[in-house]
Amino acid sequence: MAPSFDERRRSWGVYVWNSNGDGDGQFVRILDYATDEAGHGRYEWVMHERWWERTTTPNADDPKTFYNPNFRRDMEDSPSDFRFLQWTPRFDRPDRPTVNLFQGGLRTTEPPLYEIIDTPAQSAQELPHVLARGFRYSGHPTEKVLLLFAGSGDTSDAAVLKREMVTIHNGMLTLSEGAPHTVPCVTLKNRSIRIIHGRYGNEQRYVYDQLTLPTSNSAVLIKPMHELAQAYMQWYIRKERLRNSNEYMRNAGAILEQAFSKPENLNEYLNVTPSSQDLRRLQTALKATIRSNTDDIATIIYDLLKQDEDVMTAFRQQATVALKDEFNAHKHKLRVQLDDLRKQREQQTRTVQQLTKQVEELGEQLRQKQRAIRDAQAELELQEEAQQQSLQELEENVALKLGLRQIIQHNDAMLQQLAAQRAASPDADKRLHSAPMMTQTPAHPADDVRHALAQNMQMLGCAFTAENVRNNGRLTDFATQLCRTLHATRLLAIDAVHVPAVANALAFALAGVPAQHMGVPVDFSDFATLEAFLKEHVSPVIVLDNVFDTVNESLLFALNRCDLGDAIVVLPVGSFGNLHLVAPEVWQRVFFVPTAGMIDFPVSHTPTLYKAAQPFTREDADMDMVIAQLSTLRPTASLTSTAMVTPATIMAFGHGTTAAREWVMPHLCVEMYAYNGFDAADALCQHPSNAAIASKLTALINRIDHGSPAC
């Protein structure tokens with residue numbers, strides 16, 4: 001059953017357009033409107049400071065935002081970004097309440113909301129000049145706005161304006177032509193001024209969190225004095241005319257001179273007491289108006305004198321006599337000019353007719369050329385369409401043939417393998433089988449796992465393309481960071497191109513044997529058997545194929561939960577585009593090993609490999625060090641602490657060095673993309689602390705987002 005109107009909740013929201021340019025947006029919930037038993041309303045501030053972050057456990061009674069596909073159309077021409085909304089919680093979708101714009105009636109109207117705009121003015125005297133010049137503001141304000149212009153202690157002074165009194169154009173706010181000279185002034189308590197944070201903290205707006213404004217006991221001037229001069233002068237003359245006789249008013253010049261010698265009348269005109277500086281500006285403007293703006297002064301005097309019919313009759317008689325001869329001479333001059341103009345018009349008419357004929361001929365030629373161009377363009381478009389269709393059919397046919405051939409070969413190989421297994425053992429289907437990733441070869445002793453791993457990677461063809469850095473040094477750094485990672489987790493996600501070299505190098509360094517790999521079916525679910533298999537491993541490094549490429553989330557979560565013992569599980573990443581389909585929680589235990597810049601060269605069938613003389617012993621990280629590294633990462637990556645435990649642990653083993661930070665940052669980018677999307681991951685890439693590796697991080701998230709080339 002649909003909820004009744006009284007069951008719905010009411011809130012003020014501000015509409016924020018999406019930053020990706022899709023033309024859509026959502027309301028950010030800022031103020032709840034509640035009433036007590038007596039029907040008295042009040043506001044409650046409910047805005048979440050970081051409202052744009054996705055919540056893992058949303059609360060249906062406390063949503064951050066409101067979305068309705070119809071809002072997009074409603075807000076395109078809305079005079080204000082702020083709207084009063086009515087909504088109902090949805091416990092099946094806590095982050096998507098049922099919401100609509102408030103529809104008022106005879107007994108229900110929306111409560112007032114006041115947007116506060118902070119102006120550059122520092123005093124009431126500066127406010128008119130700031131509004132005359134204009135200042136930066138983007139958005140659509142509430143019906144009434146409060147312009148801050150001064151403050152002291154716990155309070156701020158603001159001018160109260162209606163929305164139609166201001167004009168907003170190209171991001172600049174100025175006064176409208178019809179705005180009054182003065183408006184009410186109120187004093188606000190600073191604790192009632194609330195900040196609305198923009199997406200990622202880019203911009204801020206302010207609102208007043210009370211239903212009613214404080215009582216106004218004064219007014220403030222919002223227009224400069226020089227703009228008031230003529231209006232004040234007209235008001236002053238009308239006022240004097242009502243107080244004096246017509247004989248007195250005939251001396252209009254004296255009245256005008258007195259207009260600026262009596263500035264005390266300005267208090268009555270403006271209903272506000274101007275400063276001495278403003279009075280001096282008014283006197284200067286009045287003198288300039290009287291002595292230089294003669295057209296306006298003549299209009300004012302004429303409007304006053306024409307109300308006295310006797311004076312106007314005498315003026316007309318004198319003007320008729322004085323202007324008769326002048327009028328006749330001027331009339332003759334105008335007739336001569338008229339004859340000359342007629343001759344010029346006839347000549348110009350003949351010229352225009354000739355030009356018109358030429359234009360018509362050229363126009364016909366142009367139309368013929370345009371028709372020919374349109375025909376050629378249409379034919380070209382048909383040819384391009386046919387060519388594109390042929391290329392698409394060719395690509396589809398080639399892709400289909402290649403895909404079918406690969407599936408057939410894969411199925412034949414699997415059938416042969418299954419047949420061989422069934423023939424060898426009646427219960428072969430009940431066991432998991434793996435195969436070595438390379439031929440067993442003798443292993444020579446090395447000092448420790450780190451040195452053995454670096455030497456093995458070099459012998460297996462691994463190298464880095466970075467300039468001005470010796471390859472041996474890069475391989476040693478890689479081995480050092482990987483050994484630190486093994487203290488924190490045994491689940492490694494590695495680019496499939498480098499899995500054979502890295503996995504075999506690590507397996508020989510630990511136990512002197514090659515890594516084992518095993519294909520995992522899409523519908524695999526026998527996790528108990530898998531856990532037992534990993535504990536009985538032949539090699540310390542097991543490669544599980546097809547887990548990420550088939551997005552087998554159930555297996556990924558099972559690996560997160562199971563006890564791997566001493567086994568190290570490598571999960572190849574073949575298709576980076578599939579990573580955005582994986583649940584973000586997977587990355588809490590699985591670590592993405594950065595291989596940017598690594599290349600693999602062909603090697604001998606019997607390379608010289610090494611095994612560590614000392615066994616690798618897993619160590620526990622110091623808890624205080626891990627917490628300290630978490631605090632270091634929080635300003636850079638806005639993720640939950642749980643999501644950053646593994647990277648922080650690795651950094652703790654690396655003592656927070658720059659090398660350790662650059663090692664974990666690609667993993668954090670993958671997590672940020674999984675939790676918060678491309679924009680948040682891109683912001684992490686561009687963070688100033690990542691300047692040295694920004695290009696590598698950007699290439700990584702682009703590869704995940706839309707399949708860019710490998711980094």
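Reader: What does the bend at a residue stand for in a helix of this predicted model, and at which residue does H17 bend?

Author: The bend at a residue is the angle between two axes, one fitted to the seven residues ending there and the other to the seven starting there. In this predicted model, H17 bends by about 30°, and a proline, proline 666, follows within four residues of the bend. The residue at which H17 bends is methionine 665.

Reader: How far apart are the end C-alpha atoms of helix H17, and what span should its 19 residues have?

Author: Helix H17 covers residues 658–676, and at 1.5 Å a residue its 19 residues should span 27 Å.

Reader: How many of the 19 residues of H17 are buried?

Author: A residue counts as buried when its relative accessible area is under 20%. H17 is largely enclosed by the rest of the structure, because the number of its 19 residues that are buried is 15.

Reader: Which aspartate forms a salt bridge with arginine 29, and how many residues apart in sequence are the parts that the pair ties together?

Author: The partner of arginine 29 is aspartate 62, with the closest N and O atoms 2.7 Å apart. Arginine 29 is buried, at a relative accessible area of 2%, while aspartate 62 is partly exposed, at 28%.

Methods. Residues numbered from 1 in each chain as written. Predicted model: local features only at pLDDT ≥ 70, side-chain atom pairs only at ≥ 80, totals over all residues. Heavy atoms only, no water. Helix = DSSP H or I, 4+ residues; strand = E, 2+ residues; numbered from the N terminus. Expected span 1.5 Å × (residues − 1). Buried < 20%, exposed > 50% of the residue type's maximum accessible area, 1.4 Å probe, protein only. Salt bridge = Lys/Arg side-chain N within 4 Å of Asp/Glu carboxyl O.
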